[in-house]
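Open the model in a viewer and keep the selection tool at hand. The stops below go from one selection to the next.

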Amino acid sequence: MQITSPAFKSNVAEALADPHLQKALHFTRPRFPERRAAAVAALPEFETLRDIGRDIKNHTLANLDFYLEIWADNVEKSGGQVHWCATADDARAAVLAICQRVGAKTVTKGKSMISEELGINEHLEKHGIEPVETDLGEYILQIRGEGPSHIIAPAFHLNREDWEESFRKTHTDLPADRVFGERRDIMVEARTILREKFIAADVGITGANFLIAETGSSVIVTNEGNGDLTQTLPKVHIALASIEKLVPTLEDATSLLRLLARSATGQDFSVYTTFSTGARRPDDLDGPEEYHVVVIDNGRSAMIGTEFQDMLRCIRCAACMNHCPVYFTVGGHSYGWVYPGPMGSVLTPSLIGVEKAGHLPNASTFCGKCESVCPVKIPLPKLMRHWREREFERHLTPGAMRNNLAIWGWFARRPQLYRAATRVAAWGLGLLGRKRGRFSWLPFAGGWTDGRDLPAPEGDTFFARYARQQRHKS
Amino acid sequence: MTPPPRVALFVTCLVDLHRPSVGFAAIRLLEAAGCQVDVPRAQTCCGQPAYNSGDRATARDLARGIIDAFAGYDYIVVPSGSCGGMLRDHVPGLFEDDPELRRRADVMAAKTYELVSFLTDMRGMTDPQAAYAGTVTYHDSCAGLRELGVRDQPRALLGKVAGLTLTEMAEPEVCCGFGGTFCVKYPDISTRMVADKTRDIAATGADTLLAGDMGCLLNMAGRLAREGSNIQVRHVAEVLAGMTQELPAIGRARDGR
Ligand code: SF4
């Protein structure tokens with residue numbers, strides 16, 4: 001996916017001026033929080049479960065090499081193959097090699113963020129293989145040539161009119177006078193088209209919500225069942241998973257599954273939860289003849305042992321962005337790469353570099369809502385602040401900002417001088433603003449006063465008044 | 001009789017510079033709650049602008065000054081959730097590599113309280129003995145709410161203010177878009193967020209907006225004024241201290257407009 005994170009500010013300007021996007025954001029905004037709140041209220045042990053989830057992930061990350069070995073052994077024992085990939089290039093090459101070896105012409109795909117991160121579709125297309133997205137949201141994005149704007153609802157930035165328009169433009173062999181009365185009509189049309197693709201596909205590629213060490217299984221959850229058709233119908237199933245998807249046991253996976261659906265969509269459980277273990281055995285009724293797991297590092301192991309390790313607990317539930325007022329103001333595309341919202345603001349700089357993604361951890365008010373809903377208790381604001389520290393150390397913080405901070409910091413360290421300087425400032429601004437009580441414009445305050453007035457100070461500082469009062473008393 | 005607790009007021013830079021009356025309201029309330037209040041002179045700012053911009057060195061320097069200036073009091077009280085949160089939740093973490101300062105920072109953190117929650121939770125205040133004729137809506141500032149657990153305390157005290165009716169926003173807990181330096185780094189996002197907030201405020205029909213943090217208050221007051229709204233914006237301490245007759249609302253002229 002093309003990176004536009006450095007242009008965050010202009011992405012935002014566009015997003016704010018886009019009435020279609022704003023309509024979609026406005027429509028969806030209250031829904032996720034409402035649903036999650038209801039699901040959480042119905043499960044008294046939810047808070048305890050969050051601690052358990054955090055601990056499972058921490059334990060796994062602390063022993064990642066150990067569990068990865070056990071997992072890989074178990075995959076191979078059950079007839080699957082493991083492909084270790086250090087970089088995105090390695091992973092693309094591994095996927096392509098499998099597809100080419102079996103002479104694949106079309107490949108069906110379940111929704112997978114890691115596939116977006118790796119750019120699998122572009123790579124397959126370049127080599128003459130047709131990838132077909134089978135998740136409804138991903139399917140329309142593929143038709144429209146767009147990237148996802150959300151990690152679990154990739155196309156929620158589109159309104160129903162957009163869907164209808166794209167379907168009419170693309171599915172030209174269907175009657176032109178067909179009616180799209182409701183959401184269901186869109187689904188039925190997509191389902192009809194995708195059925196053929198499922199049957200024709202030579203390879204199915206999915207992501208994985210979890211890898212389970214004790215069984216060598218991969219797990220996917222979907223609400224549409226598309227992932228299940230993707231991984232069971234074709235001769236070959238490739239699961240893409242980054243290393244931090246690992247959990248030790250089935251029990252651990254189920255604990256996290258209880259958190260995942262509630263945090264994500266407010267469901268008690270997703271509609272389909274499918275465990276894949278190995279390839280089809282001689283007396284199995286169905287399943288792929290080959291089962292591959294492409295396991296990807298692509299920057300994760302470099303986070304281990306750093307202040308960003310906590311981010312690797314993420315189970316991609318999207319609760320952080322679903323509750324983020326910045327995300328719902330600017331939309332997912334503004335973030336300029338695969339992962340938007342608070343989790344993206346921490347993860348993206350780790351994966352593509354803070355030089356490119358520096359805006360992301362800065363574009364937060366640190367309101368803390370994300371951390372308060374994260375099922376594995378990732379301290380997202382703290383991690384964003386760590387990125388700001390890295391930027392500051394490396395002089396990536398904008399010059400004007402640094403200068404202002406330096407001047408302010410110099411005074412703030414010297415209470416006496418600070419007193420004098422603030423007194424002058426408060427007095428001057430107080431005098432200027434006395435008549436109206438506020439300013440609609442001030443030099444250097446354009447950012448503030450473009451959209452709001454600046455209330456004028458009372459006119460004297462607290463400390464000046466307090467000193468006077470104390471003198472009177474004595 | 002036990003001697004009154006010695007309370008040090010951490011004024012905060014915005015109250016000092018912008019709205020000193022909030023500091024005096026805090027003193028009035030603390031004294032009414034039986035505290036002996038002192039205002040250490042060697043204080044400037046809690047360091048959030050530096051800390052949240054990644055400048056740990058400056059944040060540490062400021063924090064050391066605060067640790068020194070505020071040692072020896074029973075409590076440190078702050079008329080702001082975000083500055084209180086800084087002193088209580090973040091300052092200790094600045095001294096991971098210095099056990100002695102870390103210990104002193106922990107001691108300071110444990111004594112630090114946001115003003116309104118201190119009055120109710122630590123001093124047992126149930127009735128501020130104030131009057132205010134108006135319909136009020138209360139905004140939960142983020143750090144006060146999520147770091148310090150301030151939510152029910154201000155509402156409980158406001159409920160006892162004579163003549164005051166409290167009416168809730170649909171989403172009182174959603175960030176107003178201030179975010180410290182955020183509002184100048186990303187003014188267009190910040191403006192859109194505060195506009196969402198003022199829509200929610202206006203929909204309550206309240207004539208007064210209260211909150212416990214000057215940053216949020218300046219932001220929301222500035223936006224309401226730009227929209228031509230008549231809603232009066234004040235720090236919650238002004239109402240609880242019965243001080244509203246003494247000064248115009250935030251961003252208003254002396255004649256109240
Ligand atoms: S950071 Fe937490 S809330 Fe956000 S997607 Fe990951 S697990 Fe979910």
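Begin with both chains of this predicted model. Select the residues where they touch: the contact draws 62 residues from chain A and 70 residues from chain B. Together the two chains bury about 5,700 Å², and carbon and sulfur atoms account for 59% of that area. On the chain A side, pick R452(A), E458(A) and F462(A); these supply 13% of the area that chain A buries against chain B, more than any other three residues.

To view one of them, show the side chains of R413(A) and D61(B), which form a salt bridge with an N to O distance of 2.6 Å. Colour the chain A side by class and the selection splits into 27 nonpolar, 17 polar and 18 charged residues.

Next, select the ligand and the residues around it. The shell holds 13 residues, and those that come nearest are C314(A), C317(A), A318(A), C320(A) and C374(A). Which classes make up this shell? It has 12 nonpolar residues, 1 charged residue and no polar ones.

Where the domains meet, domain 1 of chain B contributes 26 residues and domain 2 of chain B contributes 24 residues. About 2,100 Å² is buried between these domains, with 67% of it from carbon and sulfur atoms. Within domain 1 of chain B, select R19(B), R28(B) and V116(B): they lose the most area to domain 2 of chain B, together 24% of what that side buries.

Last, switch to a cartoon and look at the helices on the domain 1 side. In chain B, α1 (13–18), α2 (20–32), α5 (81–90) and α7 (115–122) each supply at least two residues to the side that touches domain 2. Which helix gives the most to this side? That is α5(B), with 8 residues. By class, this side of domain 1 of chain B comprises 10 nonpolar, 11 polar and 5 charged residues.

Notes
Residues numbered from 1 in each chain as written. Chains lettered and ligands numbered in written order. Predicted model: local features only at pLDDT ≥ 70, side-chain atom pairs only at ≥ 80, totals over all residues. Heavy atoms only, no water. Contact = heavy atoms within 4.5 Å. Buried area = accessible area lost by both parts, 1.4 Å probe. Helix = DSSP H or I, 4+ residues; strand = E, 2+ residues; numbered from the N terminus. Nonpolar A, V, L, I, M, F, W, Y, C, P; charged D, E, K, R; others polar. Near = heavy atom within 4 Å. Salt bridge = Lys/Arg side-chain N within 4 Å of Asp/Glu carboxyl O.
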